[in-house]
Amino acid sequence: LIQRANHSTRSLAEQLSPPALYELGLVPALEWLAQELENDYGLQVQIHDDGQPKPLSIEASSIVFRCVRELLINVFKHAQTPSASVRLSVEGEQTLVIHVLDAGRGIDPSAVAHEVGAGRLGLRAVKERLGHLGGSFHMASQPSGGSDVSLRLPLMPRDSAPTGSHGDEPPSSAGPTA
């Protein structure tokens, strides 16, 4: 029982803050997450990156990773679809835009604002985390038409970005130690 609890704790810690995020960068960490979600839940997730540099601090990368993870877990729990996709792109060299898309059952758009504000802790946490980074959260959904959740947040100016924090390159500072 203790060994299972220890394994579960380590597994959860790795899912919330994977070594790949600190060693390889955001995009490889999201690719790792996609593989984990397929292995654990059978959810097939495609990661599409535009290949542009995405200068983010370690803290911002960690928050973005956790937000995308939360949204993909929501797809698994609620969308009733076997697949999802994550699209990362840079808009105007200053804004990172991430879309988490699914072709699942969708939700009523009139309920979205209420649920983000009151009932859905995961969606509210995503919105609050992005707000701390100066970012925003938007959900477009239709019943039986799937969902498109977009995350937008400012990138660090390139001249102040730490070396190696661009897209799939490893960040310059090490992540937390275990």
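**Exercise 1. Find how many aromatic pairs this structure holds, and describe what you find.**

Solution, step by step:

- Begin with the count: in this predicted model, the structure holds 1 aromatic pair.
- Next, name the partners. Y41 and F76 make up the pair, with 4.6 Å from centre to centre and 35° between the planes.
- Now classify the geometry. Planes under 30 degrees apart would count as stacked and over 60 as edge-to-face, so the 35° of Y41 and F76 makes the pair tilted.
- Then place the residues in the chain. Y41 belongs to helix α3 (residues 26-41) and F76 to helix α4, so the pair links distant parts of the chain, 35 residues apart.

**Exercise 2. Decide whether Y41 and F76 are buried, partly exposed or exposed.**

Solution, step by step:

- Look up the areas: the relative accessible area is 35% for Y41 and 37% for F76.
- Compare with the cut-offs: buried means under 20%, and exposed means over 50%.
- Conclude: Y41 is partly exposed because 35% falls in between, and F76 is partly exposed because 37% does too.

**Exercise 3. Follow helix α4 along its length and into the core.**

Solution, step by step:

- Check the span. The 22 residues of α4 reach 31 Å from the first C-alpha to the last, close to the 32 Å expected at 1.5 Å a residue.
- Step just past the helix: there Q80 has a positive phi of about 55°.
- Turn to the largest nonpolar core, which has 41 residues; L26, V68, L72, V86, I98, F137 and L151 touch the most other members. Helix α4 (residues 58-79) gives this core its largest share, 11 residues.
- Zoom in on V68. Apart from neighbours within four places in sequence, V68 is in contact with L30, V86, I98, V100 and L151.

Definitions and conventions. Residues are numbered from 1 along each chain as its sequence is written. This is a predicted model: local features need pLDDT of at least 70, side-chain atom pairs count only at pLDDT 80 or more; totals for chains, interfaces and linings use all residues. Side-chain values use heavy atoms; hydrogens and water are left out. A nonpolar core is a set of buried Ala, Val, Leu, Ile, Met, Phe, Trp, Tyr and Cys residues joined through side-chain atoms within 4.5 Å. Buried means under 20% relative accessible area, exposed over 50%, partly exposed in between (1.4 Å probe, protein chains only). Helices (H or I, at least four residues) and strands (E, at least two) are DSSP runs, numbered from the N terminus. Contact means heavy atoms within 4.5 Å. The expected span of a helix is 1.5 Å times one less than its number of residues. Rings of Phe, Tyr and Trp (its six-membered ring) pair if their centres lie within 6.5 Å; planes under 30 degrees apart count as stacked, over 60 as edge-to-face and the rest as tilted.
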